[in-house]
Amino acid sequence: MASSGEEVSNKQVILKGYVTGFPKESDMYVRTSPIKLKLPEDESSNNAVLVKNLYLSCDPYMRGRMANRPPIVGHGVSEIVDSRHPGFKKGDLVWGRKMGWEEYSLIKEPEKLFRIHNTDVPLSYYTGILGMPGMTAYFGFYQVCSPKKGERVYISAASGAVGQLVGQFAKLMGCYVVGSAGSKEKVELLKSKFGFDDAFNYKEEHDLVAALKRYFPEGIDIYFENVGGKMLDAVLLNMRFHGRIAACGMISQYNLQQPEGVQNLTTVVFKRIRLEGFIVFDYFDQYPKFLDFVLPYIREGKIVYVEDITEGLEHGPSALVGLFSGRNVGKQVVKVTNE
């Protein structure tokens, strides 16, 4: 264990330059640089904290931030190593965004970090079910979708960090829930682990409109959108009158230099569909409300969560790239060091 003030090596994942098309492992490299484990006693570090990163989150939104900004930045779970902020002390556990993909990070605006008070659950959960993806699922479903008992809910990318939770929230409300995923293993997971009423492998469907009609013969009330492109087009033709679409993400479009167009938008008009985009950061002030809701369900085993944990920062590039080809099963996390 390094002592306070000691200079240690800081392993970092660095982008070589701006990424075009699908990201590759070769777009990134690992380097080490020295760092002191004590903040300097000058104005440059006023209100700053130095953290040791324990877990880093792999999330689709990171694709849009792959500019030449060393190192890569995202959400993570960390331990405070040194603090010049009155709200944090050494040893505190925190989660939040703007964590560098490195072993140690200097955070100059720690006000945006969340203190971790509940440690009877895995710390890695704060990159997922108890962090940004969990809040995305909760507020996107309950506030954007305005669900009612018995409604028909469809979720794309349903086995991912957000989708697996949306499906379980919908089942808790008494909805009929179908999800799609990209492998037989993931489809089985949706039905056997997460309790979806049904699921299908979109890669095996040559006609998405017909596939959705098969699973929703009376149409879709709520679509939780994670994919975009051809899937969104097919969903629009299967929506019920006054249906709601929560546009959470569109991962099929992030790596395209020329995004696909959507052909069936007139359906939004004559079916009176509400299509609403949202960003989870708008709901961060309601984090305590979210915790009060989800923690009891986790402790009682009524909500489950599947993680795909990669060991070692040096394997982070592979984990992040795999996210865009669907290689991960569940929430993709990089474990940087032991807790």
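Reader: Which residue of strand 6 is the bridge partner of Leu 50?

Author: The bridge partner of Leu 50 in strand 6 is Leu 106. Strands here (E, at least two residues) and helices (H or I, at least four) are DSSP runs, numbered from the N terminus, and two strands pair if DSSP finds at least two bridges between them. Strand 3 (residues 49-57) and strand 6 (residues 104-107) are joined in the antiparallel sense over four bridges. Residues are numbered from 1 along each chain as its sequence is written, and side-chain values use heavy atoms, with hydrogens and water left out. This is a predicted model, in which local features need pLDDT of at least 70 and side-chain atom pairs count only at pLDDT 80 or more, while totals for chains, interfaces and linings use all residues.

Reader: With which other strands does strand 3 pair, and in what sense?

Author: Strand 3 pairs with strand 4 (residues 73-83) in the antiparallel sense over seven bridges, and there Asn 53 stands opposite Ser 78. Strand 3 also pairs with strand 15 (residues 331-335), again antiparallel, over three bridges, where Leu 56 has Val 334 as its bridge partner.

Reader: How many residues of strand 3 are buried?

Author: Buried means under 20% relative accessible area, exposed over 50%, and partly exposed in between, with a 1.4 Å probe and protein chains only. By that rule nine of the nine residues of strand 3 are buried.

Reader: How should I read the order of strands in the open sheet of six strands?

Author: The order 10-9-8-11-12-13 describes an open sheet of six strands with parallel pairing. Its edge strands are strand 10 (198-201) and strand 13 (274-277), each of which pairs on one side only. The twist averages 15° from one strand to the next, where angles run from 0 to 180 degrees between N-to-C directions, and axes are lines fitted to C-alpha atoms, for helices over the stretch in contact. Strand 9 (residues 176-181) is joined to strand 10 in the parallel sense over four bridges, and Val 178 has Asp 198 of strand 10 as its bridge partner.

Reader: Which strands does helix 1 touch when it packs on the sheet?

Author: Contact means heavy atoms within 4.5 Å. Helix 1 (residues 132-144) touches strand 8 (152-155), strand 11 (220-225), strand 12 (239-247) and strand 13, and its direction makes about 150° with that of strand 11. Helix 2 (residues 163-172) lies across strand 8, strand 9 and strand 11, running at about 170° to strand 8.

Reader: Is Thr 136 buried or exposed?

Author: Thr 136, which is found in helix 1, counts as buried because its relative accessible area is 6%. Leaving aside residues up to four places away in sequence, Thr 136 touches Phe 141, Val 162, Phe 224, Cys 248, Phe 278 and Val 280. In strand 9 we find Ser 180, which is buried because its relative accessibility is 2%; with the same exclusion of sequence neighbours, its contacts include Tyr 154, Leu 190, Phe 200 and Met 231.

Reader: What can I learn from the phi of Lys 98 and of Ser 146?

Author: Most residues other than glycine have a negative phi. Lys 98, however, has a positive phi of about 65° although it is not a glycine, and Lys 98 lies in strand 5 (residues 93-100). Ser 146, in the loop between helix 1 and strand 8, likewise has a positive phi, near 45°. Lys 98 counts as partly exposed because its relative accessibility is 45%, and Ser 146 is also partly exposed, at 34%.
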